[in-house]
Amino acid sequence: MSTLTQLPAWQALQTHYHAEGQHLRLADLFAQDAQRGQTMCAQGAGLYLDYSKNRVNAKTLALLLELAEQAGITQKRDAMFAGDKINVTESRAVLHTALRAPQDTVVMVDGKNVVPEVHEVLDRMAAFAGQIRSGQWLGYTGKPIRTIVNIGIGGSDLGPVMAYEGLKFYSQRDLTVRFVSNVDGTDLVEKVRDLDPAETLFIVSSKTFTTQETMTNARSARAWTLEALQDEAAIARHFVAVSTNAEQVRSFGIDTAHMFGFWDWVGGRYSMDSAIGLSLMIAVGPDHYRELLAGFHDMDEHFRTAPLAQNLPVLLGLLGVWYNNFFGAQTVAILPYEQYLAYFSAYLQQLDMESNGKHVTLSGEQVDYQTGPVIWGQPGTNGQHAFYQLIHQGTKLIPCDFIAFVRPLNPLAPHHDLLMANVFAQTEALAFGKSLDQVLAGGVDPDVAPHRVFEGNRPTNTLLADQLTPRILGALIALYEHKVFVQGAIWNINSFDQWGVELGKVLASQIVPELQAEDEPDLHHDSSTNTLIRRYRAGRKAE
């Protein structure tokens, strides 16, 4: 038995679940407590969380909070903020919070305050963004830049593209910003098809400047640029780098004066508020970008200082553990009712699943409990006409987070009232459902009535903010960052490495020359992989 499952709070939760928790019904809980909707809520950093529609009572919450205490959440949180090397498999600090720390903050890593370096890079980014936005930066032929293409993958892509789409309302509309990540050539070809190379700037985002997918796309973008501009000197006016490998950046043809660095204590999926966010800063401007950072910091401070019982990341994390580990729920749906957040669920997929998709503890022992859930979703109301059927009437328990805003950025009557009515209606329907008696009372044919029954008792959280601003988006992202931390800390896993990404990359690098060899290669894979490689080679030869 693991250390976690031996904790008194964990065992008490198991007993509570079997005796009471699994039988809790939201309809009964609300009937027993008329003030439940007013008391089971918390707020911080501009976000309001209603968690009353969860299958918990006062005892459940008390035991979950005890679990947080016994799992050392407070101590582990403080160690992260202090710069301790909590990423034990890579011996690194985990300090994405330093990326949004105010200038007068002191954050020590290996005896050095890293905050001045962070702000130096931010200032360089702001100066460069100002040149692009004002038209002062000219391409090789003397034309101003009109299109920014960010080339990255994973954290170097998902964060910037999500935030760009999320803050598009605040963007400079005479600038086009696009993102290329997939090594499938179609991604790059379609993104540049209608562009003028003389007006296009590529941002190549790769810490090592060796990431296979990113550098393949970068080299193809370089060739596309040179085909039009016919001079190697053009590269320095149409490419900049977010990297720490000056030698590789220079050999590519990029002026290292236009190389923006970051640090090994910044994980890829936590890096969007580092120089990785350069494309976003260009799009929305330095002032809005700094507001985004301020929102991150607001939530950092809330997480660091709020009591656990009123702490938004802690509450979300504990409720997730309750469903994941005691009810056996395997997925969580993230449902933003805001079109600008179309990429938010996809962003959280990497943040959560790459962080907590682990099968061993910090000490390398196999876990005997479930760790990270599958994260998925898309904006409402589209999802209501796609997958909500399964959430409402299917056989799987799917906890949901609904995200909504009181005021729209694009007021168009009566759209927003209709949108918000759906938010409130969906959480109400999921919680309370519709019984067979209620269906029959409506005069429905008894043979058809069972098909119209909604069992209800489906748990949801509702996150409500006033409006989608840069500051609120920062707070929202940081909320989920810290929720992931809380769950990883409880499960006693390392949320900050990603070795599971590596094996496929290594094998792919071995297979590439086998696919490209002139003569039939000597293959030493399994029979399935060998057969697939041979079939692929035969098909290419037949072209």
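**Salt bridges, overall.** I searched the whole structure for salt bridges and got 23. I am keeping in mind that this is a predicted model. A reminder to myself on the idea behind the search: side chains of opposite charge can pair when their charged atoms come close.

**R92 and E90.** I looked up this pair and found a salt bridge, with the closest N and O atoms 3.9 Å apart. The cut-off is 4 Å, so the pair counts. Next I checked how open the two residues are. R92 is partly exposed at 29% relative accessible area, and E90 is partly exposed too, at 22%.

**K143 and D196.** Here the closest N and O atoms of the salt bridge are 3.2 Å apart. I then asked where the partners sit, and the pair turned out to link distant parts of the chain, 53 residues apart. K143 lies in the loop between α7 (115–134) and β5 (147–151), while D196 lies in the loop between α9 (185–192) and β7 (200–205). K143 has a relative accessible area of 35%, which makes it partly exposed. D196 is partly exposed as well, at 29%.

**D194 and R178.** I noted a salt bridge between these side chains, at 2.7 Å from N to O. This pair also joins distant parts of the chain: D194 is in the loop between α9 and β7, R178 is in strand β6 (residues 176–180), and 16 residues separate them. D194 is exposed, with a relative accessible area of 56%.

**A network.** Which residues are linked in a network of salt bridges? I found R100, D273, D300 and E481 joined in this way.

Conventions. Residues are numbered from 1 along each chain as its sequence is written. This is a predicted model: local features need pLDDT of at least 70, side-chain atom pairs count only at pLDDT 80 or more; totals for chains, interfaces and linings use all residues. Side-chain values use heavy atoms; hydrogens and water are left out. Buried means under 20% relative accessible area, exposed over 50%, partly exposed in between (1.4 Å probe, protein chains only). Helices (H or I, at least four residues) and strands (E, at least two) are DSSP runs, numbered from the N terminus.
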